[in-house]
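Here are my notes on the model you asked me to look over. I have kept them as numbered points so that you can follow along in the viewer.

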Amino acid sequence: MSFHHVETCPDDLTLLAERLDQIARAGTRIINVTWQPARLGGADQAEAPDARGGFVIISQSEANAAANAVDETNEPATLVAANTPRDKITA
């Protein structure tokens, strides 16, 4: 099962590059990056859009990707009681 994430990033290309790198290092797939102007606080929507804005990042990650990777090994699981000393665990 996959999950989609939507986050914002300030209108700074250095910060955007850093955030995209963080997302990619986490193994998350970047779907889309869009710049949008800042929303005006006033009720008058006829005003010109503000030149300041930010980026919207849409990404997709797999639920429990690490667990899925273990499951795909087809190795038998070893069940161990929580209080078992590490040196007493055998596969």
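1. Of the 91 residues of the protein, 13% count as buried; buried means under 20% relative accessible area, exposed means over 50%, and partly exposed is in between (1.4 Å probe, protein chains only). The protein exposes about 7,400 Å², and carbon and sulfur atoms supply 53% of that area. These areas come from the Shrake-Rupley method with a 1.4 Å probe, and for residues only the protein chains shown count as cover.

2. Please keep in mind that this is a predicted model, in which local features need pLDDT of at least 70, side-chain atom pairs count only at pLDDT 80 or more, and totals for chains, interfaces and linings use all residues. Residues are numbered from 1 along each chain as its sequence is written, and side-chain values use heavy atoms, with hydrogens and water left out.

3. How far does the confidence go? The mean pLDDT of the protein is 76, and 55% of its residues reach 70 or more; pLDDT is the predictor's confidence in each residue, from 0 to 100. Confidence is highest in helix α1 (residues 13-25), at a mean of 94, and lowest in helix α2 (residues 65-71), at 50. Where pLDDT is low, the predicted coordinates should not be read in detail.

4. On the fold, I count with you two helices and three strands, in the order β-α-β-β-α along the sequence. Helices (H or I, at least four residues) and strands (E, at least two) are DSSP runs, numbered from the N terminus. Among contacts between residues at least 6 apart in sequence, 63% join residues at least 24 apart, where contact means heavy atoms within 4.5 Å.

5. Which residues make up the largest nonpolar core? The five are Cys 9, Leu 16, Ile 23, Phe 55 and Ile 57, and the elements that give two or more residues to this core are α1 and β3. A nonpolar core here is a set of buried Ala, Val, Leu, Ile, Met, Phe, Trp, Tyr and Cys residues joined through side-chain atoms within 4.5 Å. Leaving out residues up to four places away in sequence, Leu 16 touches Cys 9, Phe 55 and Ile 57, and also Val 33.

6. Do have a look at the one salt bridge in the structure. It brings together the side chains of Glu 7 and Arg 19 (2.7 Å, N to O). The pair links distant parts of the chain, with Glu 7 in strand β1 (residues 2-10) and Arg 19 in helix α1, twelve residues apart. A salt bridge requires a side-chain nitrogen of Lys or Arg within 4 Å of a carboxyl oxygen of Asp or Glu. Both partners are partly exposed: Glu 7 has 23% relative accessibility, and Arg 19 has a relative accessible area of 27%.

7. Strand β3 (residues 50-62) holds Ser 61, and Gln 60 is also in strand β3. Ser 61 is buried at 16% relative accessible area, and Gln 60 is buried at 15%. The side chain of Ser 61 makes a polar contact with that of His 5 (2.7 Å), while a polar contact of 3.1 Å joins the side chains of Gln 60 and Ser 2. Such a contact is a pair of N or O atoms within 3.5 Å; within protein, one must be able to donate a hydrogen and the other to accept it, and residues adjacent in sequence count only if both atoms are side-chain atoms.

8. Is Val 56 buried or exposed? Val 56, in strand β3, is buried, with a relative accessible area of 17%. Beyond four places in sequence, the contacts of Val 56 include Val 6, Glu 7, Asn 32 and Val 33. Val 6, in strand β1, is exposed at 63% relative accessibility. Apart from neighbours within four places, Val 6 is in contact with Val 56, Ile 57 and Ile 58.

9. The C-alpha atoms of Met 1 and Ala 63 are 5.6 Å apart in space, although the two are 62 residues apart in sequence. Setting aside neighbours within four places, Met 1 is in contact with Ser 61, Glu 62 and Ala 63.
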